[in-house]
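I opened the notebook to record what I looked up in one structure. The entries go from the overall fold down to single residues.

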Amino acid sequence: MSTTRPYPPGDLGPEPGNAGAPSASPAVAPAGQIRRLRLSGVQGAVARARDFARQALHDWGWLPAGGADQRAAAEDVLLVVSELVTNACLHAEGPEELRLRVNAKVLRLEVTDLGAGSPAPRTPHRAGRPGGHGMFIVQRLCLDWGVVRNPDGTGKTVWAELAAPS
């Protein structure tokens with residue numbers, strides 16, 4: 001588990017200095033955009049979460065992709081959404097909610113669940129074995145990720161941050 005940036009859910013951390021004006025690229029969503037999807041008790045939660053994320057990426061100008069970097073960034077987001085929601089389905093009594101938060105530099109994915117466990121990449125990672133690759137994939141694709149326990153002691157939020165396409 002990552003512990004380098006343990007910001008609580010909703011806190012994207014300090015904004016970088018405003019020394020240079022932000023790019024007017026269509027791939028950058030308006031700062032502070034948040035999308036929420038309730039998943040509690042939903043059938044097909046993984047597919048719904050991917051569709052929801054895909055629509056957000058489309059609305060924010062990441063899709064349709066304008067180039068290879070933008071396409072790769074969007075595919076990474078959809079894969080990480082799938083992995084986090086799948087983990088909640090398999091190991092945490094199902095996901096409660098998916099949140100997508102974006103600023104000019106970072107897209108933060110948050111999946112809340114009622115589970116007591118903490119996700120972690122399986123070690124040692126063995127590429128040839130079936131299953132157990134989800135958090136390894138998240139770790140490899142994301143700038144950072146972590147787990148924040150809910151204040152009431154029930155459940156947690158697993159978050160991951162990916163760079164916005166340039």
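My entries on this chain follow.

**Ground rules.** I worked from a predicted model, in which local features need pLDDT of at least 70, side-chain atom pairs count only at pLDDT 80 or more, and totals for chains, interfaces and linings use all residues. Residues are numbered from 1 along each chain as its sequence is written, and side-chain values use heavy atoms, with hydrogens and water left out.

**Fold.** I looked up the secondary structure and found three helices and five strands. Helices (H or I, at least four residues) and strands (E, at least two) are DSSP runs, numbered from the N terminus. Along the sequence I read the pattern β-α-α-β-β-α-β-β.

**Sheet.** In what order do the five strands lie in the open sheet? I noted β1-β2-β3-β5-β4, with antiparallel pairing; two strands pair if DSSP finds at least two bridges between them. The edge strands, β1 (33-38) and β4 (144-149), each pair on one side only. Neighbouring strands of this sheet are turned by 15° against each other on average, direction ignored. Such angles run from 0 to 180 degrees between N-to-C directions, and the axes are lines fitted to C-alpha atoms, for helices over the stretch in contact.

P95 has D113 in β3 as its bridge partner.

**Helix on the sheet.** Helix α2 (residues 68-91) lies across β2, β3 and β5 (156-163), and runs at about 15° to β3. I picked S82 in helix α2. Is S82 buried or exposed? S82 is buried, at 9% relative accessible area (buried is under 20%, exposed over 50%, partly exposed in between, with a 1.4 Å probe and protein chains only). Leaving out residues up to four places away in sequence, S82 touches V46 and R50, where contact means heavy atoms within 4.5 Å.

**Whole chain.** Of the 166 residues, 41% count as buried. Among contacts between residues at least 6 apart in sequence, 64% join residues at least 24 apart.

I counted zero disulfides, a disulfide being a pair of cysteine sulfur atoms within 2.5 Å. C142 is buried at 10% relative accessibility, whereas C89 is partly exposed at 38%. R108 lies over the face of W159, at 4.2 Å from the ring centre; the rule asks for NZ of Lys or CZ of Arg within 6 Å of the ring centre and within 35 degrees of the ring normal.
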